[in-house]
Amino acid sequence: MAATPLTMAERQKRLELRALLQKQYKWIDRKWDLVFWITAIFIVAGAADITKQLFAGDWDFWTDWKDPQWWPVITAFATIIIPSALQYIQWAAWRFPTGATYTAVCFFMAAWVGRYFQWHVAESYPLNFVWPISTVGAAIILDWLLMKTRSFILTSLIGGPIWAFLVWGFNYIPLAPFLQPAHFMNHVLTVADVQGIVYIRSQTPEYLRHIERGALRSFLGETQYVSLVFGGTLAVLGYWIGQFIGRYLAVWPIRRYIKTV
Amino acid sequence: MAQPQTVQRLPSEVENGSTATGRARNPTDWGVGWSSLFWGSALVMAANIFLWFWDYEFAFSAGLNSASHEFTLYYRTLFWGELITLGAFTGIWYGWLIRTGREVATQPFSRAEEVRRIAVLWSIIGVTSVSIYIEASFWPNWDGAWHQTLVRDTALTPTHIPMFYFFFPLSVVLALGAYIYGNSRIPALYSRDKGFPWSFFLLISAAVLECMEVAFNEWGHSLWISEEFFAVPFHWPFVAYGWLASGMFAVWGETILRLYEIEKAEEEENTQAPSQTHAVAD
C-alpha cells in the first residue's frame, strides 16, 4: 500500500517536533532520564510486588496453591493494578505505550530477588516449589492494545479479560509439570500436592489453604474457564484502580498545594 | 558545556564554579548533583546487606524463642540498635538540613545552583525509592517465608525487626527529609508561602501510614490469626497506603517542569545579554 503523501502542515509539525527533540539544553541532559528510569524501578517494583503479595501472594508463593479456582481470579486482579497506573503515567508524560511492560519487568526482577534470596537461600525451599509468576507477556499485549486503540477505556475492556487469560496461560506452562499425577502414600495426588506435604509449613495449615472450595468444583473441567472469565472481569476493575492511582495520586498532585498561604 | 556561574559560596554547599583544573563543573555531573544518590543508595544497601546476613546467621539459631537469652542478645539488642542508629541519623541529618537551610534561604543563588539542588532532591527521592522497595518487596518475601513456616511468639520477630523497625521508619525519615530539603532550597516549588504540596503530602503519608499499619497488623495477628495468610484483609491497608507513594511521581513531574522553566529563563537571558551573569533565580 502506497504511503499517503504528507501535507505541508504535517511536514512542518514533524520538523517542529524533531527540532524540539534535538534541542540542546544547558542542564537538561540524559542523566535525568537515566536517574528517573533507574530509581523508579525500585518504587514500581515495590508497589507491584506488595500489591500482588498481600492480595494474592499465597497463591503465588507455592505451586500447590496454584489452583483452577482462586489463582486465576485474584492474580489477574492484583497484578494489573500497578501496570495500569504506570501505563497512564508513561502515556501522559511521553506517549510511551510501555508502562505495563516496564512494571512487569520491574516486578519480575523483584519477585525473583525475593524468591531466591529469601525463600530459597534463607529458608531452604526449592525454587521449583516457590517460583514466582511472570506478567511480562501479558503486559506487552496490554501495552500493544493501548498503542493501537489509544483509549484507556478500550484497553481496560479488551485488555482486562486478555490479561486474565494470558497471565494464566503463560504461567500454566511452567506449572503444568507440577500438575502431573503422582502416587504418594497410597493416594493419587499432583506433584505440587506432594511438594506441599513434604515441605513443612506449620504456619500455613490445611485449613488456611484456599484452593478449590465450594460447589464450583462440581463444574468439573469448566471450573478453570469460569474462573478465568470472572478473573477477566475483576481485571477490568483492577485496571481502573490502577488508573485512579496514576491519574489522581501520581499526576494530579503536580503543582497543587493543600493550602496556599 | 556549562558556562562558569557567579555563585555565592555557602557553608557545606558544593561550589559550581571552576575547579582547580580550570574545567567548569556542571551541576548535573555525576560527582556534583548526583553524588548524594550514590552515597545514599550505598548506605541503604549496606544496611540491608548487614541485616540480611544478621538474620541469615542468627534467625534460626537465636530467633525462634523470644523468651530465650539468645533472642535478647541477638534480636532485642538489634531492635534497640536499629532505633538508636536511626534516631541518631535523623537528628544529625535533620539538624544539618534545618540549620543550613535557614542560612541558605536568605542567600541569593544562581540557576546552576538551583539545578544542582533539584538533582540532590532527586537523589534523596531515589534513595527513598530504594528504601520503599526494600520495605515493600525484599523483606516481605522473607517475612512470608518465615511466618508461613514458623510459629510466632512475639511482634519482634527476626524478619519484623529489620523490616518494620528499620526500613519502615527509614522511609519516613527520607521522605520527610526530602521535603525539608526542598522547603529551604527550592523555594520556587516548596517554600512555605506556596503551601504544603500534595506530592509530598501523599509520599510522606504513605510512609507514615505504613508504620501505623504495623500496629494494626500485630493487633490482628494477636486477635484473629497467629498463622500467616498473606492475603488476609487486615494486611490490605499495607497495599492501599503504599499506593499513596505514587506522590513520588508528582515530585519528579513538578521538578522537571521547574527545570524547563530554569532553562527557558537562562535561554532568554542569554539571548538578551549573552555575557551577563546572574545572582538570583527568577
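How many residues of chain A are in contact with how many residues of chain B?

## Interface

In this predicted model, 55 residues of chain A are in contact with 61 residues of chain B (contact: C-beta atoms, placed from the backbone, within 7 Å). On the chain A side, α2 (30–61), α3 (71–94), α4 (99–122) and α9 (223–251) each supply at least two residues. The largest share, 20 residues, comes from α2(A). Helices here are DSSP runs of H or I with at least four residues, numbered from the N terminus.

By class, the chain A side has 33 nonpolar, 11 polar and 11 charged residues. Ala, Val, Leu, Ile, Met, Phe, Trp, Tyr, Cys and Pro count as nonpolar, Asp, Glu, Lys and Arg as charged, and the others, Gly among them, as polar.

## Helix pair in chain A

The axes of α4(A) and α6(A) (residues 136–149) come within 7 Å and cross at roughly 165°. Axes are lines fitted to C-alpha atoms over the stretch in contact, with angles from 0 to 180 degrees between N-to-C directions. The two helices are therefore roughly antiparallel (angles over 145 degrees). Their contact has 8 nonpolar, 3 polar and 1 charged residues.

## Helix pair in chain B

Helix α1(B) (residues 35–62) packs against α3(B) (residues 111–147) at about 20°, with axes 8 Å apart. That makes α1(B) roughly parallel to α3(B) (angles under 35 degrees). The residues of this contact divide into 8 nonpolar, 7 polar and no charged.

## Conventions

Residues are numbered from 1 along each chain as its sequence is written, and chains are lettered from A and ligands numbered from 1 in the order in which they are written. The model is predicted: local features need pLDDT of at least 70, side-chain atom pairs count only at pLDDT 80 or more, and totals for chains, interfaces and linings use all residues.

Notes:
Contact = placed C-beta atoms within 7 Å. Parallel < 35°, antiparallel > 145°, perpendicular 65-115°, else oblique.
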